[in-house]
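Please read the following walk through the model with the sequence and coordinates open.

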Amino acid sequence: MNTHSIQTHKPVHYVKEILRQAWPVLVSSWASLIFGVLDTAMAGHASAADLQAMALAASIYITVFVGLMGVVHALIPIIAQHYGGQRYLEVGRAWGQGVWLALGLSLAGGAAMLFPDTWLSLSGDVEPAVRDSITWYLRALILALPATLVFRTIYALGTAVSRPKTVMVINLGSVAFKFFFNWVFMFGKLGMPAMGAVGAGLSTALVGWMTFAAGLWAIYHDPYYLRFRPRLGRPDWASQKELLRLGLPMGGSYLIEICAFSFMALLVAREGMYVTGGHQIMANLAALSYMMPMAVGIATASLTAQAIGARDAAKARATGAAGMGIVAIGAAVTAVLLVLGRAPILGAYTDDLQVAAVAAALLQILPWFHLCDAMQCIGSYLLRAYKVAVVPLILQVVALTGLGLIGGWWLGFGPAAGALRPVVEAIAPGAPAGAGTMWLMALAGLGLSAALLFAWYGHVVRAHARLLNA
């Protein structure tokens, strides 16, 4: 690294490049989200039992899939560093090792979903018909798991080598097929029996294998990928250890975030149906808002890892700073929109005045929650670009689980229940004491997580610069 390099690598130079890579990732994320929306909406038109089966089975599948997906995403910084260092044959070899990892994880995930009664023990009494639908829905998704996880390796490859539009196009196309096959299998069209929720699982499996085939065709027929010679090869234990060393803590971080929302929902249910409904609206809006910083974080991490692979510490640091700036501005704009659009947003979600009243009170917390959520998101992705994942996991466990979730339970529903009631009333007048406390403590946990992650990121960046100058 030299003085000229430091002067020419300014964050503003990389804003356009990050945005060019981030928007296809964002569209792909939205397309994936539509799968769940289609299943829920169409199950609601099938029967109440199908809707309940869908809700419970989907929560099991999402927990398993998101954790395993996080492990597979270790491929992104690994491939991006090879790509930045112009080690093109290593890119193809690393992708093949990722495929082996995905296949192995699909076996573990399938085993976890094969016995739904273990999961349903947390849900109390479930009707036998619903339990049977859940079992068969998950069995269909077990068939989907190898295809969806291997497709994630194709997603990782495209993202790492700055080619995210390939996956975006495939994901958008898959939405139309998902709707069609849901219609056929769930409602018994074109001579098929009506299978309800089970049909939705079968549809996901079929579309999963179609998207996998389309992704495989793309990387073997697009000239852009030919220089990498993507190949399966033989499983290599050293490569698998590298993937697991980075991927397991990454998967753990993904699980911490999704489980925090799941446990919040279970605790908030104690305050009744209307509070649960208001909380669900809040949680859904928080998840939708998260898509923007996540997309920018993935794009920034990929480009930062490419600069690291090219041994250009100044460019890596400037790219990271550009990503942080984009996320900060985007989060501020999102927060303003959430404030100004509160009434029409609530109108789109519910006609129930009591649910709307609870949601309106909780939504006073959401702009601040999103700002903290967005910044901790970009912090975690930037650290992954440097292949640092264990320390971020520990920091997130302390902040999100310790302060956020356990602290929220302790002050909202546990021994100190009601202690934060005056604070909740001051920040979000009218919010239920328990749910309001949970969201405030989650906000505090995210704020602490962001501060800790950025502090560690600064340490990692300085250590990396010293290493290159040594």
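The structure holds zero disulfides, a disulfide being a pair of cysteine sulfur atoms within 2.5 Å. The sulfur of C372 has its closest cysteine sulfur in C377, and at 13 Å this is too far for a bond. C377 counts as buried because its relative accessibility is 0%; here buried means under 20% relative accessible area, exposed means over 50%, and partly exposed covers the range in between (1.4 Å probe, protein chains only).

This is a predicted model, in which local features need pLDDT of at least 70 and side-chain atom pairs count only at pLDDT 80 or more, while totals for chains, interfaces and linings use all residues. Residues are numbered from 1 along each chain as its sequence is written, and side-chain values use heavy atoms, with hydrogens and water left out.

The aromatic residues come next. The structure holds 16 aromatic pairs. Rings of Phe, Tyr and Trp (its six-membered ring) pair if their centres lie within 6.5 Å; planes under 30 degrees apart count as stacked, over 60 as edge-to-face, and the rest as tilted. F181 and F185 form a stacked pair, with 6.0 Å from centre to centre and 15° between the planes. These two residues are four apart in helix α8 (residues 165-187), so about one helical turn separates F181 from F185. Helices here are DSSP runs (H or I, at least four residues), numbered from the N terminus. An α-helix has 3.6 residues a turn, so residues three or four places apart point the same way. Both F181 and F185 are buried.

How are the rings of W209 and F212 arranged? The pair is edge-to-face, because the ring centres of W209 and F212 are 5.7 Å apart and the planes stand at 85°. W209 and F212 are three residues apart in helix α9 (residues 197-221), about one turn of the helix. W209 is partly exposed at 40% relative accessibility, whereas F212 is buried at 18%.

Ring pairs also link Y83, Y88, Y224, Y225 and F228 into a cluster. Y224 carries a charge over its ring as well: R227 lies over the face of Y224, at 4.6 Å from the ring centre. A charge sits over a ring if NZ of Lys or CZ of Arg is within 6 Å of the ring centre and within 35 degrees of the ring normal. In another such contact, the charged end of R139 sits over the ring of W136, 4.7 Å from its centre.

Y83, a member of the ring cluster, is also one of the buried residues of helix α4. Helix α4 (residues 75-84) is mostly covered, with 10 of its 10 residues buried. Just after α4, Q86 takes a positive phi of about 60°.

Charged pairs follow. The structure holds three salt bridges, each a side-chain nitrogen of Lys or Arg within 4 Å of a carboxyl oxygen of Asp or Glu. In one of them, the side chains of E90 and R93 meet at 3.1 Å, N to O. E90 and R93 are three residues apart in helix α5 (residues 88-113), so about one helical turn lies between them. E90 is partly exposed at 28% relative accessible area, and R93 is partly exposed at 27%.

R163 forms a salt bridge with D222, the closest N and O atoms being 3.3 Å apart. This pair links distant parts of the chain, 59 residues apart: R163 is in the loop between α7 and α8, and D222 is in the loop between α9 and α10 (223-226). R163 is partly exposed at 30%, while D222 is buried at 17%.

K387 forms a salt bridge with E242, with the closest N and O atoms 3.1 Å apart. Here the partners are 145 residues apart, K387 in the loop between α16 and α17 and E242 in helix α11 (residues 237-268). K387 has a positive phi of about 60° although it is not a glycine. R311, also not a glycine, has a positive phi of about 60°. R311 lies in the loop between α12 and α13 (313-340) and is exposed, with a relative accessible area of 58%.

On the surface, W30, L33, V37, L288 and Y349 form a nonpolar patch with about 430 Å² of accessible area together. Patches are made of residues with over 30% relative accessible area and no salt bridge: like charges are joined within 9 Å, and nonpolar side chains (Val, Leu, Ile, Met, Phe, Trp, Tyr) within 5 Å. Accessible areas come from the Shrake-Rupley method with a 1.4 Å probe; for residues, only the protein chains shown count as cover. Helix α2 (residues 15-46) gives the most to the nonpolar patch, with three residues. L288 is found in helix α12 (residues 273-309) and is partly exposed at 35% relative accessibility.
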